[in-house]
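Biologist: Can you walk me through this one? I have the sequence open and would like to know what to look at.

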Amino acid sequence: MNDYEPETEPTDDLPEPDTASESAPLIEVNNLSIDFDGNCILSGITRSITRGQTVAVIGESGCGKTVFMKTLVALLTPTTGTVLFDGTDLNQLTPAQLAQVRRRFGFVFQNAALFDSMNIFDNVAFPIRQNEPSTEEDEVRERVRNHLIEVGLPEDVARKYPAEISGGMQKRVGLARALVLKPELIVYDEPTTGLDPIMSDVINELILNTRRLYPVTSVVVTHDMHTARKVADRVMMFYPRRMLDQGQSQILFDGPPSQLENADDRRVRQFVRGEAGDRIREMSRATA
Ligand SMILES: Nc1ncnc2c1ncn2[C@@H]1O[C@H](COP(=O)(O)OP(=O)(O)OP(=O)(O)O)[C@@H](O)[C@H]1O
């Protein structure tokens with residue numbers, strides 16, 4: 001700032017988004033890079049995500065899928081580059097503004113991340129009580145009940161504690177809790193990890209159902225190719241930065257799941273078929 005510019009007081013009002021158009025992307029990532037202690041995890045990522053899209057983010061362990069997802073919802077700050085949500089640069093917001101924007105996000109964490117000391121009802125009610133404290137208790141009850149039904153949980157589950165229900169049920173409670181504020185963006189971190197094939201497919205169906213019921217945009221970080229194929233209309237495959245030469249794109253594939261099998265890049269075809277290919281040799285070279 002030069003000496004002649006008036007100092008602007010920090011404000012908690014959200015800045016006007018750069019764009020008011022419904023057709024504008026919900027998320028715009030521009031030249032994003034993330035380093036941890038000089039260790040480059042992501043670099044040169046420029047992508048946008050359209051409203052209503054369900055994007056699966058795939059790639060081998062440690063390639064930066066979760067880091068990418070966390071950056072989209074401002075749980076991590078870019079080292080360089082920007083992330084715009086609905087035209088607003090998330091990293092320019094005050095903590096109060098960011099808290100306001102976060103109400104528009106739903107998080108479904110890998111381990112469900114329920115509060116052990118609260119019963120299921122209070123877990124699902126928590127975001128309402130936290131963010132909309134003037135909501136009448138009758139309405140809270142109605143909303144919690146509807147969301148538990150929506151994810152296929154019987155009513156008596158509401159009185160139980162997380163430790164008293166199965167992992168699959170916990171994941172569904174996590175989804176109900178993520179939905180209760182009607183988010184515009186839902187991020188799912190490994191939603192089917194640790195579940196049997198049937199329960200995994202129940203979760204896939206619920207992700208699809210959520211998309212049918214609400215105009216939500218979804219980002220699903222997953223290792224499960226069945227999930228990626230079934231729920232996503234777009235798949236992005238990341239590759240570990242350290243395995244690439246400078247200037248090579250870290251996103252090896254970005255397209256509809258139907259094109260994965262015939263992707264131009266051999267590494268994509270190998271990944272989706274679960275073939276190691278040259279990876280053992282590559283890994284030993286990268287860590288040497
Ligand atoms: N807060 C952090 N501080 C330092 N390093 C981190 C942090 N978060 C992630 N990393 C590192 O960044 C790399 C990418 O992590 P990330 O969790 O995004 O991988 P991933 O692709 O989601 O892998 P996985 O499929 O195993 O979950 C890893 O090497 C991880 O150790």
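Modeller: One term before we start: two residues are in contact, or touch, if their C-beta atoms, placed from the backbone, lie within 7 Å. By that rule glycine 52 touches Pro215 and Thr217, leaving aside residues up to four places away in sequence. Keep in mind that this is a predicted model.

Biologist: Where does glycine 52 sit?

Modeller: Glycine 52 is in the loop between strand E2 (39-49) and strand E3 (54-58).

Biologist: Is glycine 52 buried, exposed or partly exposed?

Modeller: Glycine 52 is partly exposed, because 14 other C-beta atoms lie within 10 Å, and a residue needs 20 or more to be buried and 12 or fewer to be exposed.

Biologist: What is the pLDDT like for the chain?

Modeller: The mean pLDDT of the protein chain is 87, and 89% of its residues reach 70 or more. Residues 1-10 have a pLDDT below 50, and beyond near neighbours in sequence this stretch has 1 contact in the model. Where pLDDT is low, the predicted coordinates should not be read in detail.

Biologist: And what scores does the complex get?

Modeller: The predictor gives the complex an ipTM of 0.97 and a pTM of 0.87.

Biologist: How many helices and strands are there?

Modeller: The protein chain has 9 helices and 10 strands. Of its 288 residues, 34% are buried. Among contacts between residues at least 6 apart in sequence, 66% join residues at least 24 apart.

Biologist: What does UniProt place at residues 27-265?

Modeller: An unreviewed UniProt entry places the feature "domain: ABC transporter" there. In the model, that span is 33% helix and 24% strand, and its end C-alpha atoms lie 26 Å apart.

Biologist: Changing topic: which residues surround the ligand?

Modeller: The ligand is surrounded by Phe36, Ile41, Gly59, Ser61, Gly62, Cys63, Gly64, Lys65, Thr66, Val67 and His223. Those residues divide into 4 nonpolar, 6 polar and 1 charged.

Biologist: Which helix gives the most to that shell?

Modeller: Helix H1 (residues 65-72) does, with 3 residues.

Biologist: What about the core? Which members touch the most others?

Modeller: The largest nonpolar core has 64 residues, and Ala56, Val57, Val187, Val220, Val235 and Met237 touch the most other members. Helix H5 (residues 167-179) supplies the largest share of this core, 6 residues. In soluble globular proteins, nonpolar side chains tend to be buried together.

Biologist: What does alanine 56 touch?

Modeller: Not counting residues up to four places away in sequence, alanine 56 touches Val220, Thr222, Thr227, Ala228, Val231, Ala232 and Val235. Val220 and Val235 are also among the core members that touch the most others.

Biologist: Last one. What is in the loop between H4 and H5?

Modeller: Alanine 158 is found there, and alanine 163 lies in the loop between helix H4 (137-150) and H5 as well. Alanine 158 counts as partly exposed because it has 19 C-beta neighbours inside 10 Å, whereas alanine 163 is exposed, with 8 other C-beta atoms within 10 Å.

Biologist: What does alanine 158 touch?

Modeller: Apart from residues up to four places away in sequence, alanine 158 touches Asn119, Ile120, Phe121, Val144 and Leu148. Alanine 158 and valine 124 are 8.9 Å apart in space, C-alpha to C-alpha, and 34 residues apart in sequence.

Conventions
Residues are numbered from 1 along each chain as its sequence is written. This is a predicted model: local features need pLDDT of at least 70, side-chain atom pairs count only at pLDDT 80 or more; totals for chains, interfaces and linings use all residues. UniProt positions are given in the numbering used here, feature names are shortened, and annotations may be inferred rather than shown by experiment. Helices (H or I, at least four residues) and strands (E, at least two) are DSSP runs, numbered from the N terminus. pLDDT is the predictor's confidence in each residue, from 0 to 100. A nonpolar core is a set of buried Ala, Val, Leu, Ile, Met, Phe, Trp, Tyr and Cys residues joined through C-beta atoms within 7 Å. A residue is near a molecule or strand if its C-beta atom, placed from the backbone, lies within 6 Å of it. Ala, Val, Leu, Ile, Met, Phe, Trp, Tyr, Cys and Pro count as nonpolar, Asp, Glu, Lys and Arg as charged, and the others, Gly among them, as polar.
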